Amino acid sequence: MFTDRSFLLERQYRTAENLNARIELHERFSTNPEPFSRWVFDRLRLPSEADILEVGCGNGNLWAANRDRIPAGWRLTLTDISPGMIDEARERLGDLASYGVADVQELPFVSDSFDAVVANHMLFHVPARERALTEISRVLRTGGTAIATTNGRDHLRELDARSERWSRSFGLENGRAQLERFFRDVELEHFPDSLEITEVEPLLGYVRSLGKAESDEDLARLAKDAEAAIARDGCLRVTKSIGLFRGRKP
């Protein structure tokens, strides 16, 4: 389901509502005081003049969270398969970037166009990742940087079947092998974090945002379990497994 184009376009990412619900949960209850988007930005490590492409940009949160730190010489191009997401990113960022509806499996750019390509928590949505990585490599200049963030197997494990399992196809455990077919010097860095959830409704909003067929009974059970944990321990503690791959085009 999570690589099905119609599901992604018509249900999951038609607007930014679902993505915003997930971002809200992490922004409000993460134990690491450094926001993930700021952490990712620090690891781009690009010169003051650079052409940067983000594939699957969503609502543009990476750049909105770092608006005050983007060098004047960075030329941003943001793409997504969802027109709704592109509209959201454009509304947030205005003329800070150029925008386009595009599929990472068939990028509408000439070869050797960018110094960096960022794939932020999106490659697990791509059914043909080899084709996508071929395209990312093609549009990168020699020596250019490929950045891919994703989750690990233990991400949100306390939420059991309700948690997000999108990263099984491209996660912290198997992403390096996929990237090393196209890029060299691939390195993985983990982002240390967890959740301490003190309110039930944002958690329910997160679960609803996944687009799964959660029944009212399942949601009521989750709410009851979360309320019990909060009453007993002061919060519901949830594991996060999240990180970033960085490689270079040969």
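The model is predicted, so to speak of local features takes a pLDDT of at least 70 and side-chain atom pairs count only at pLDDT 80 or more, while totals for chains, interfaces and linings use all residues. Numbering runs from 1 along each chain as its sequence is written, and side-chain values use heavy atoms, leaving out hydrogens and water.

The chain has nine helices and nine strands, taken as DSSP runs numbered from the N terminus (helices H or I, at least four residues; strands E, at least two).

Now for the inside. A nonpolar core here is a set of buried Ala, Val, Leu, Ile, Met, Phe, Trp, Tyr and Cys residues joined through side-chain atoms within 4.5 Å.

| Core | Size | Residues include |
|---|---|---|
| Largest | 26 residues | Leu 44, Ile 52, Trp 63, Trp 74 |
| Second, separate | 25 residues | Leu 107, Val 117, Leu 123, Val 126 |

In the largest core, the four listed residues touch the most other members. Helix 3 (36–42) and strand 9 (242–248) are among the elements that each supply at least two residues, and helix 3 gives the most, with four. Beyond its neighbours within four places in sequence, Trp 74 is in contact (heavy atoms within 4.5 Å) with residues including Phe 41, Leu 46, Pro 47 and Trp 63.

Helix 8 (residues 200–209) is mostly covered too, with eight of its ten residues buried, among them Pro 202, Tyr 206 and Ser 209.

Key:
Buried < 20%, exposed > 50% of the residue type's maximum accessible area, 1.4 Å probe, protein only.
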